[in-house]
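Hi,

Here is the structure I said I'd pass on. Have a look at it, and then read my notes on the salt bridges below.

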Amino acid sequence: MEKKVLIPSDISQPGKDYLAEKGYTIKMGRGTDEQTILEDVADCDALLARNEHITRAIMEAAPRLKVISKHGVGLDKIDLDAARELNIWVTNGPLSNTVAVAEHTMMLILACAKKLVFFDRAARRGDYDIRNRVKGTDLEGKTLGLLGLGKIGHMVAKKAINGFGMEVIGYDPFLPADRWDPEVGRRETMEEIFAGSDIVSIHMPSTPETRNSVDRRLIGMMKPTAYLINAARGDLIREADLAEALRNGAIAGAGLDDPLFQLPNVTVTPHNAALTLETTDRMGLHAAMGIDEVLSGRQPSWPVVVPKEPRT
């Protein structure tokens, strides 16, 4: 019997080529709403998910479904509990976007410190004297505080230390002491990061425990000259509290991979940190590899949900 892979949202060519070369039939989805995916997935063995909500109902409608493979890293739109109960593998691509997001983070840090957008707007309106009235800051010697020292956070730390001469401190309660980078100062609380940093950069996953965790109380501990950077999920920050701090000048500014903020002391990008040409290709390819590993009976390289009794 042919093995069929549903792709609800199109991906770049390398991932599709990989699946085709392995002999899978690719079924391009007709839409990304629940009902359409539910109908499309009914005869499929695998689902390659991008930003769609993959619900219990979708999984229950697919008796042949053995694996859901995430294009990229974030898993907040996949019902992982349902996958466990229904014995469906879930995989993702944790190595696919590390370089792109770390570089994007450093871009936001530099843009904030050097007031890039502010000076760009002034120069475009002919205000060249702005350079004498407003000054940017150097990164060398400044303290960068990292919330989360996973693959991306660790790469940001290396770039900040080795490329810009910054001091780096970090908070990650899930990283054991024996795996802690000795160049990064370990802190035991988020409060220490916010109070002790010139720049705070967030690299945590979005979970029920972390959503809205960066709130008025933590932001209020920051120096008035400090910047908040977030190239992770937007829902980690309590939006109204950050907006209030930015409007009141409680902090110097923010760099966000989130299009919601349009304040003058904010540098924003449209949640595209991971969407470089190279990373987009890698995300599709790594998702396809996870599908092939499961459907060919091998242990996947990047498992998220490991079923007790995998479907056959």
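One term before we start: a residue is called buried when its relative accessible area is under 20%, exposed when that area is over 50%, and partly exposed in between (1.4 Å probe, protein chains only). Bear in mind that this is a predicted model, where local features need pLDDT of at least 70, side-chain atom pairs count only at pLDDT 80 or more, and totals for chains, interfaces and linings use all residues. Residues are numbered from 1 along each chain as its sequence is written, and side-chain values use heavy atoms, with hydrogens and water left out.

So, how many salt bridges are there in the whole structure? The search finds 25, a salt bridge being a side-chain nitrogen of Lys or Arg within 4 Å of a carboxyl oxygen of Asp or Glu.

Take Arg-56 and Glu-85, whose closest N and O atoms are 3.0 Å apart. This pair links distant parts of the chain, 29 residues apart: Arg-56 sits in helix 3 (residues 56-60) and Glu-85 in helix 4 (residues 80-85). Helices here are DSSP runs (H or I, at least four residues), numbered from the N terminus. Glu-85 is exposed at 55%, while Arg-56 is partly exposed at 28%.

Another one joins Glu-244 and Arg-216 (2.8 Å, N to O). Glu-244 belongs to helix 11 (residues 239-248) and Arg-216 to helix 10 (residues 216-219), 28 residues apart. Glu-244 is partly exposed at 32%, and Arg-216 is partly exposed at 48%.

There's also a network: salt bridges with shared partners join Glu-2, Lys-4, Lys-27 and Asp-43.

Cheers

Methods. Helix = DSSP H or I, 4+ residues; strand = E, 2+ residues; numbered from the N terminus.
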